[in-house]
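Good morning, colleagues. Please have the sequence and the structure in view.

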Amino acid sequence: MNFYFSQHSAPLFFGFLQGMIYAILLLLRGYKREMLSDKLLAGVLLVCAFSVAQYMLGFGGWYDSRDGYSTFMFYFPFHNYLLLGPLIYFYFRSLTNHQFSFQKRDIWHFIPGGLNLLVYFFAFSGDLLLSHWLLGEPLPKHFGTQGNLSALRQQYWDSIAQVAGLISTIAYIFLTIREFGQYKKYIHNNFAATEGIEFAWLRMVLWAFVIGMGINWLFDFLQLFIDLNYAQNWNSFLVTAIMIYFISIPGYTASHKIPVLVFSPKEEKKVASEETNTFPELEKWKYQIERLLEEEKIYLDPNVTLSSLAKKLKTNPSVLSKVINTGFKKNFNDFINSYRVEDVQQKIRQGEYEHFTLMSLAFDSGFNSKSTFNRAFKKFSGVSPKVFLEQHLKKQIAAV
């Protein structure tokens, strides 16, 4: 195979290789564990890797080889950003909802990308299968390596599809970011421990996509006014190659040993609207919740959830969430952590710090990470755990 490594082809090659390797690993894991999220992320990486491949192979000598390699360059659908946006969006939906599965209405999201593939297949069938291979006619374009249908597609369709794909991708990313905000409310309303399900890396990846697609969009916009050469356009594909590293590693290594998530944007909107209504017997429910926490101290369980608390109270999670949000003016996460902080403070007042570290006290009170403990303690105490302990010691010395 003819491929020349250079200052332009080599960086793109390593980005392409990274994307292909991780896409295969995700597909294998996705089929083995029946995880739709892994399969969709593999699709995202493949779209990005194929996009990089065009300029990688071009600078590697394929475009100018004037043989079958050049023909491949004209008929392979390297760019299909019309698929990228829906893949990112449904990856987020499948990652945050273990019950998610594709419905018939979801297929509409992939029709533009499918249409782009059909255009390429039509050119391939007409130029190569029918005219060149079956009828034996020579290819008239680019030194006998490209047919008329491919040339027409390249002239009229490719630019439109690429710009439409960039607009589509950015639109889907912003839709995903908006629903990410709703997801954050969901986990804080349903889980006391949110470590491992906050997916902070995913938000970072989404914004990286916005920046990367924005740069690609800028190059396409400049092409309308400035005749950028092949080397100048290479920079936008380098950005995509870098994005592949940014996506693949955290996407593959992210922990999937997480609680069952059933996040639905529509359900969260419904819950938010219901919370504005008055709630009958609110004080009665508040009393039952406070009594349960004080007597059974279920907040000491690091894995307590809204659903588990609802079962103990023999009600459903939506009712309990509404009581906590409207009656205590807190989400479930803050509500449980406020009890845990008070428990740690009580242990300090009782002198348990003399035999245990602060983190030991935190773990005994239901916290399962240092960062969450410090953040919650400062939120409900106004000071860090260390400062609180120092203030307590000063009070003891002053009292002696």
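Which residues have the most contacts inside the largest nonpolar core? They are L84, Y183, L202 and F209, in a core of 63 residues. Before I go further, please note that this is a predicted model.

In general terms, nonpolar side chains in soluble globular proteins tend to be buried together.

Let us look at L202 in detail. Leaving aside residues up to four places away in sequence, L202 touches Y91, F92, L95 and F180. There is also another core, which lies apart from the largest one and comprises 21 residues, including I298, V304, L309 and V323.

Is A10 buried or exposed? Its relative accessibility is 17%, and A10 therefore counts as buried, the cut-off being under 20%. A10 and M56 are 46 residues apart along the chain, yet 7.5 Å separates their C-alpha atoms.

My next point concerns a pair of helices. At roughly what angle do the axes of α3 and α5 cross? Helix α3, residues 68-75, and helix α5, residues 111-134, have axes that cross at roughly 140° and come within 10 Å. On the α3 side, T71, F74 and Y75 make the contact; on the α5 side, the residues are Y120, A123, F124, D127 and L128. Sorted by class, this contact contains six nonpolar residues, one polar residue and one charged residue.

Finally, the whole chain. The secondary structure consists of 16 helices and zero strands. How does the radius of gyration stand against that of a compact globule of 400 residues? The protein has 28 Å, whereas such a globule would have a value near 21 Å. Along the principal axes, the C-alpha atoms fill a box of roughly 100 × 45 × 45 Å.

Of the 400 residues, 49% count as buried. The accessible surface amounts to about 21,000 Å², and carbon and sulfur atoms account for 61% of that area. As for contacts with a separation of 6 or more, 73% of them join residues 24 or more positions apart.

That concludes my presentation, and I thank you for your attention.

Technical notes: Residues are numbered from 1 along each chain as its sequence is written. This is a predicted model: local features need pLDDT of at least 70, side-chain atom pairs count only at pLDDT 80 or more; totals for chains, interfaces and linings use all residues. Side-chain values use heavy atoms; hydrogens and water are left out. Buried means under 20% relative accessible area, exposed over 50%, partly exposed in between (1.4 Å probe, protein chains only). Axes are lines fitted to C-alpha atoms, for helices over the stretch in contact, and angles run from 0 to 180 degrees between N-to-C directions. Helices (H or I, at least four residues) and strands (E, at least two) are DSSP runs, numbered from the N terminus. Contact means heavy atoms within 4.5 Å. Ala, Val, Leu, Ile, Met, Phe, Trp, Tyr, Cys and Pro count as nonpolar, Asp, Glu, Lys and Arg as charged, and the others, Gly among them, as polar. The radius of gyration is taken over C-alpha atoms; the globule rule is 2.2 Å times the number of residues to the power 0.38. Accessible areas come from the Shrake-Rupley method with a 1.4 Å probe; for residues, only the protein chains shown count as cover. A nonpolar core is a set of buried Ala, Val, Leu, Ile, Met, Phe, Trp, Tyr and Cys residues joined through side-chain atoms within 4.5 Å.
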